[in-house]
Structure formats: structure tokens, C-alpha cells
Amino acid sequence: MTTTEGETLDSLLARMNELAPGVEHSVSENLCKECQSADLVLVMKLEATDGSLAGAMPKTSARSWPYLRCRGCGRESRGQA
Ligand SMILES: [Zn+2]
């Protein structure tokens, strides 16, 4: 697992479109709401989106979404973006 240097969450989210899915990015200046651990990482996850309404032309695409994961307690929360 690749881990990058610590960066603030705002900074990571500002360039999240450049972040590779599945790579953990250390988040600095943030604490877990559950366990107060500062060992948080941001992970981009690919989520399938169904692009068709009627299903006549099935088109499944994926977009990446930021998740904030705590290494202290394992809590994961979906980003707001
Ligand atoms: Zn935690």
C-alpha cells in the first residue's frame, strides 16, 4: 500500500480528480470524530454509476469518490464532494 506525505484534507480534495483510486493519502491536521486519532487517510474509491434510465442502452460508468478512513478505529466516511 502506497502512502504519501501528509497533506490537509482541503488540499487533497482540491485535487482529488488527480488522485489515483485505491491509494491512501495521509491527512494532516484532522482528528477522527470517534477515537480522536490523527492517523487519517483519504482514499478515492470508484463507484459504479448507472447511466441509463430505461435500461435499453445499458451504460455503466464509474466515478471516483473520496472516503476518509481512520486507521485508529477503522471508521470510514464518504466525502461530501
Ligand atoms: Zn478513529
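The term pLDDT denotes the predictor's confidence in each residue, on a scale from 0 to 100. For this protein the mean pLDDT is 86, and 81% of the residues reach 70 or more. What we have is a predicted model, in which local features need pLDDT of at least 70 and side-chain atom pairs count only at pLDDT 80 or more, whereas totals for chains, interfaces and linings use all residues. Residues are numbered from 1 along each chain as its sequence is written.

Let me begin with the strands. Helices (H or I, at least four residues) and strands (E, at least two) are DSSP runs, numbered from the N terminus.

Two strands are said to pair if DSSP finds at least two bridges between them. Strand β2, residues 24–28, pairs with strand β3, residues 40–50, in the antiparallel sense over four bridges. Within this pairing, V27 has L40 of β3 as its bridge partner. On β3 and strand β4, residues 60–70, the pairing is again antiparallel, over eleven bridges. Here V41 is bridged to R69 in β4.

I turn now to the core. A residue is buried if 20 or more other C-beta atoms lie within 10 Å of its own, exposed if 12 or fewer, and partly exposed in between, with C-beta atoms placed from the backbone. A nonpolar core is a set of buried Ala, Val, Leu, Ile, Met, Phe, Trp, Tyr and Cys residues joined through C-beta atoms within 7 Å. The largest such core has nine residues: L12, V27, L40, V41, L42, V43, M44, L68 and C70. Both β3 and β4 supply at least two residues each to this core, and β3 gives the most, with five. In soluble globular proteins, nonpolar side chains tend to be buried together.

Which residues does C70 contact, leaving aside its neighbours within four places in sequence? They are C32, E34, C35, S37, D39, L40 and R75, where contact requires C-beta atoms, placed from the backbone, within 7 Å.

Finally, the loop between β2 and β3. E29 is placed in this loop and, although not a glycine, has a positive phi of about 60°. E29 counts as exposed because it has 12 C-beta neighbours inside 10 Å. Q36 lies in the loop between β2 and β3 as well, and its phi is also positive, near 65°, in a residue other than glycine. With 10 C-beta neighbours inside 10 Å, Q36 is therefore counted as exposed.

Key. Two residues are in contact if their C-beta atoms, placed from the backbone, lie within 7 Å.
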